[in-house]
Amino acid sequence: MTTLVRGRGWARTHPLAVDAALATAVLVCMVVGSFAEPNGEHGPTWGTRTPDAPSLVLMVLGALALVFRRRTPWCVLAATCAAAIVELLTGQPRAPVVMCAVIALFTVAARTDRSTTWRIGLVTMTGLTGVAMLSGGPLPWYAQENLGIFAWTGMAAAAGDAVRSRRAFVDAIRERAERAERTREEEARRRVAEERLRIARDLHDVVAHHIALVNVQAGVAAHVMDRRPDQAKEALAHVRDASRSALNELRATVGLLRQTGDPEAPTEPAPGLHRLDELVDTFRNAGLPVEVALGQVGLDLAAAVDLAAFRIIQEALTNVQKHAGQDAKAEVSVVRVGPNVEVTVIDDGPGPGKGDAPNTDGGGHGLLGMRERVTALGGSCSAGPRYGGGFRVHAILPVTTAKGGTA
């Protein structure tokens, strides 16, 4: 099997050598056939006739033309047909020069379309057979040799068309397989990119939220360490709790990247609105007053919607903690309106231009992550300053997600 495969590979890379070998084999067959008499008294006989010199020259020229049948198939067909016609008109006895035309017709049929194949095949069959019948000689017009020319040229055209059809079929199957493979690879790359983006958003939300709380509580501890050590200890306890929570969430997120055989990843459920009170308490402990209005939406949401709502609130409150100022207050509202869940976070901190307000043009990673989360679920998200001061984040999440899940 390996030898056959290697032979096919060599034939594809050396087409001229293959055609030269074919031409040599055809020349040998024509020369041998020219010594046979197919119409003897007792059937075909051997050695009863000898080809003349012009016939030998025509056989050599026809075989030589076949060496270039792949480079110029139409010219080779014309040349071999011309040599065959000359032999049919002048050869007595005839030599089988028409064999070259049969091979050339097969080559043309295998390299062109079906309609062209049948047109050129009909012309070749009719022309060569007509010349053979009208050329005279000792044979009647209905002799087997004349009918054989018609049959062989017809079979050459049909065989070439069949080879062309099979090649086209195989190429179509190969192209579809390659296209399917490319589609699978593109889909895999797209899913990998989406997963990377989702994990990056989760890491950003976790790190930004907890580091902001740690920063605030550490500042409080440093400020009251000398005068009120009890309050400093309480602030440091909040720092410890926030750090532990950040490590746990980071461990859960990074655990998604583990491969088979790695240590077991955490199996606790992803955060959602059922942990909203815990989230809000961390901000209240950091000194940010937060009011919550939560409808009956936390237990019947799809996991993706539940997680997105939690992360949006987490990121929005983190931005309030970092940018709204020391005296700011925040309000969180989660309500279900028809087929959607609306999440709103507002604060009364300084407006744009007062302090370090969050980026309102969508350039910040936090706001961009919010919009990407909501867009991935088929919802909408808006964020911007409020009239009279403060900032507002408003997200509309469909209960039926874009992935087809339902609450």
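Which residues are linked with Asp 19 in a network of salt bridges? The network joins Asp 19, Arg 69 and Arg 70. A salt bridge here is a side-chain nitrogen of Lys or Arg within 4 Å of a carboxyl oxygen of Asp or Glu.

Before I continue, a word on the basis of this talk. This is a predicted model, in which local features need pLDDT of at least 70 and side-chain atom pairs count only at pLDDT 80 or more, while totals for chains, interfaces and linings use all residues. Residues are numbered from 1 along each chain as its sequence is written, and side-chain values use heavy atoms, with hydrogens and water left out.

Let us begin with the salt bridges. The whole structure holds ten of them. In one, the side chains of Asp 19 and Arg 69 come together at 3.0 Å, N to O. This pair links distant parts of the chain, 50 residues apart: Asp 19 lies in helix H2 (residues 15-33), and Arg 69 in the loop between helix H3 (53-66) and helix H4 (73-90). Helices (H or I, at least four residues) and strands (E, at least two) are DSSP runs, numbered from the N terminus. Both Asp 19 and Arg 69 are buried. Buried means under 20% relative accessible area, exposed means over 50%, and partly exposed lies in between (1.4 Å probe, protein chains only).

A second salt bridge connects Arg 275 and Glu 278, at 3.5 Å, N to O. Arg 275 counts as buried because its relative accessible area is 18%, whereas Glu 278, at 44%, is partly exposed.

Arg 284 and Asp 281 form another salt bridge, with their closest N and O atoms 3.5 Å apart. These two residues are three apart in helix H9 (residues 276-285), so about one helical turn separates them. Arg 284 is partly exposed at 39%, and Asp 281 is partly exposed at 35%.

Patches are made of residues with over 30% relative accessible area and no salt bridge; like charges are joined within 9 Å, and nonpolar side chains (Val, Leu, Ile, Met, Phe, Trp, Tyr) within 5 Å.

Leu 16, Val 57, Leu 61, Leu 64 and Phe 68 make a nonpolar patch of about 440 Å². Helix H3 gives the most to this patch, with three residues. Val 57 is in helix H3 and is partly exposed, at 47% relative accessibility.

Glu 291, Asp 327, Glu 331 and Asp 348 form a negative patch. Asp 348 sits in the loop between strand S5 (340-347) and helix H11 (365-376), and is partly exposed at 43%.

Notes: Areas by Shrake-Rupley, 256 points an atom, 1.4 Å probe, with all protein chains shown as cover. Lys, Arg positive; Asp, Glu negative; His and termini not counted. Charge placed at Lys NZ, Arg CZ, Asp CG, Glu CD.
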